[in-house]
Amino acid sequence: MSSSNTASPSAADASGDRAASADTAPVLRLRDIGWTVGGATIVDSVSFDVRQGEFLAFIGPNGAGKTSLFNLVSGLSPVSRGTIELDGHDVTAEAAYARARRGLGRTFQTSSLWPGMTVADHVRLAAQAAEGGSFRVWRRAGSYPELVDRVLTRTQLAHRADAGADSLSHGEKRKLELAVLLVGEPRLMLLDEPMAGVSAEEVPALTELIHSLHQDEGRTVLMVEHHMDVLLELADRVAVMHHGTLLALDTPRTVMADPTVQQAYLGEEL
Ligand SMILES: Nc1ncnc2c1ncn2[C@@H]1O[C@H](COP(=O)(O)OP(=O)(O)OP(=O)(O)O)[C@@H](O)[C@H]1O
């Protein structure tokens, strides 16, 4: 168990991580990442590597800096210090769209859907955006039928293609956000609390879908999630954020048993 802000691949290998592979170049490499805004340090000296096909989950108390870290990795916020590499390329100075073209995609904690649009229209709009088209000249009729069918089938939403986004259940909305994400064929997916607001009945199907996108399609996943049972099912490793730092990075069971991590959650059982 690492108690510093730096977790190296060798530390992960030593932990017995099932995804460890010393000769595989990391998909993502963070070195001493920091983000300071208005004099407050929100993310502080975070370093870690993520290997191809790995599933890394992030937990931590509210305000620990998980979403801020995702913003830095995806390019929505510029780092104050440190470097970010994707597939060995230094992307620290690259904009979010450039990182997306390299295969990085993300979802957001709060729903990013358009209530007045149908499920299929969301996929069509994402397809047009991926091609670099202007939203203003977007045409509804006959666009991307195969793509729409493929990603909606993949996310179990084909039967809801013509439904308005505002009529979806919370679980279906999360699936639609994943469908929109899949249009860009991301190899590295950052999922920010994909279970937020989802009913207990819908959690298993959503968990299975995310598991399949990772396991069956080989996508690398970083996911912020508070449901420990979900993490145990999905994650190769769990990163614990606390006050902007990386408190621990190890297998889910080792992290949950760590007294330092327990302390970070005010003594509550994880
Ligand atoms: N643009 C900003 N300007 C100033 N402070 C910010 C900004 N964005 C985030 N913060 C602060 O940074 C801290 C970390 O926020 P962040 O949303 O990253 O935490 P989190 O771990 O994702 O929390 P939660 O689990 O509640 O989503 C919070 O105190 C938040 O208020």
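The expected span of a helix is 1.5 Å times one less than its number of residues. The model discussed here is predicted.

Me: How many Å should the 12 residues of helix H4 span, and how far apart are its end C-alpha atoms?
Reply: Helix H4 covers residues 119-130, and at 1.5 Å a residue its 12 residues should span 16 Å. This expectation agrees with the distance between its end C-alpha atoms, which is 17 Å.

Me: Which helices do the buried residues of H4 pack against?
Reply: Val119, Ala120, His122, Val123, Arg124, Leu125 and Ala126 are the buried residues in H4. Their packing partners are helix H5 (145-154) and helix H6 (170-183).

Me: Which residues of strand S9 point one way, and which the other way?
Reply: In a regular strand, side chains alternate between the two faces of the sheet. In S9 (residues 220-224), five of its five residues are buried. One way point Thr220, Leu222 and Val224; the other way point Val221 and Met223.

Me: Over how many bridges do strand S8 and S9 pair?
Reply: S8, helix H7 (residues 203-215) and S9 make a right-handed β-α-β unit. Within S9, Val221 stands opposite Met189. The pairing of S8 (residues 188-192) with S9 is parallel, and the number of bridges is five.

Me: Which residue in S9 is the bridge partner of Ala57?
Reply: Strand S4 (residues 55-59) runs parallel to S9, joined by four bridges. For Ala57, the bridge partner in S9 is Met223.

Me: Which helix gives the largest share of the shell around the ligand?
Reply: The ligand is surrounded by 13 residues, the closest being Asn62, Gly63, Lys66, Thr67 and Ser68. By class, four are nonpolar, eight polar and one charged. The largest share, three residues, comes from helix H2.

Technical notes
Residues are numbered from 1 along each chain as its sequence is written. This is a predicted model: local features need pLDDT of at least 70, side-chain atom pairs count only at pLDDT 80 or more; totals for chains, interfaces and linings use all residues. Helices (H or I, at least four residues) and strands (E, at least two) are DSSP runs, numbered from the N terminus. A residue is buried if 20 or more other C-beta atoms lie within 10 Å of its own, exposed if 12 or fewer, and partly exposed in between; C-beta atoms are placed from the backbone. Two residues are in contact if their C-beta atoms, placed from the backbone, lie within 7 Å. A residue is near a molecule or strand if its C-beta atom, placed from the backbone, lies within 6 Å of it. Ala, Val, Leu, Ile, Met, Phe, Trp, Tyr, Cys and Pro count as nonpolar, Asp, Glu, Lys and Arg as charged, and the others, Gly among them, as polar. Two strands pair if DSSP finds at least two bridges between them. A crossover is right-handed if, with the strands pointing away from the viewer, the path from the first strand over the helix to the second runs clockwise.
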